[in-house]
Amino acid sequence: MAIRAAITGHLVFSTLHTNDTIGAITRMADMGVPRYLLADALLGAIAQRLVRKLCSNCKRSALTTPAETDRLKLKKPQTIYHAVGCRACHQTGYYGRQAVFEVIGMTHDMKQMIENAHVHVDEIRGKVLESQTMMIIDSCRKLVLDGVTSIEEYDTLTSFENE
């Protein structure tokens, strides 16, 4: 019903449980939506996750270790922050949450790839990466480097993304 509404000009918003924006394409195809209709109906996709925010009262700065520098894909060590724990955050080191996002808009090339039943989802993902789209991992990496969240939250997110 949602696909029919979308291809007749209605703006339809829906939620799907996927790991990333490209997962929305495969999820709808798995649900039986023909690829040609999916390519016509889909304008874009947004993926989001929540990461814990470091407590501003007790977070502790440190230079990245060689392993952290590598995991964050940095050229040289940089200052990041770690959770410590205090009364304000109930000894967790975190207070609040922050959303990390990934947003893609469907281009003509991507729609053609979706229509083609022989195109694998990894090829579509490659096209998205070519478009310089900030992926959810990149969004979280930026929050780590800005001192909003910790590398432990980044590691949790990346382990979830690699499942």
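Hi everyone, let's start at arginine 52, which is partly exposed with a relative accessible area of 30%. Here, buried means under 20% relative accessible area, exposed over 50%, and partly exposed in between, using a 1.4 Å probe and protein chains only.

A quick word on the source: this is a predicted model, where local features need pLDDT of at least 70 and side-chain atom pairs count only at pLDDT 80 or more, while totals for chains, interfaces and linings use all residues. Residues are numbered from 1 along each chain as its sequence is written, and side-chain values use heavy atoms, leaving out hydrogens and water.

So what does arginine 52 pair with in a salt bridge? The partner is glutamate 153, and their closest N and O atoms are 2.9 Å apart. By salt bridge I mean a side-chain nitrogen of Lys or Arg within 4 Å of a carboxyl oxygen of Asp or Glu. Arginine 52 sits in strand S1 and glutamate 153 in helix H8 (residues 151-161), so this pair ties together parts 101 residues apart in sequence. Helices (H or I, at least four residues) and strands (E, at least two) are DSSP runs, numbered from the N terminus. Glutamate 153 counts as buried, at 9% relative accessibility.

The whole structure has six salt bridges. Another one joins aspartate 122 and arginine 125, with 3.3 Å between the closest N and O atoms. These two are three residues apart in helix H6, about one helical turn. Asp20 joins Asp122 and Arg125 in a network of salt bridges.

Finally, take a look at helix H5 (residues 108-115), where Met110, Lys111, Met113 and Ile114 are buried.
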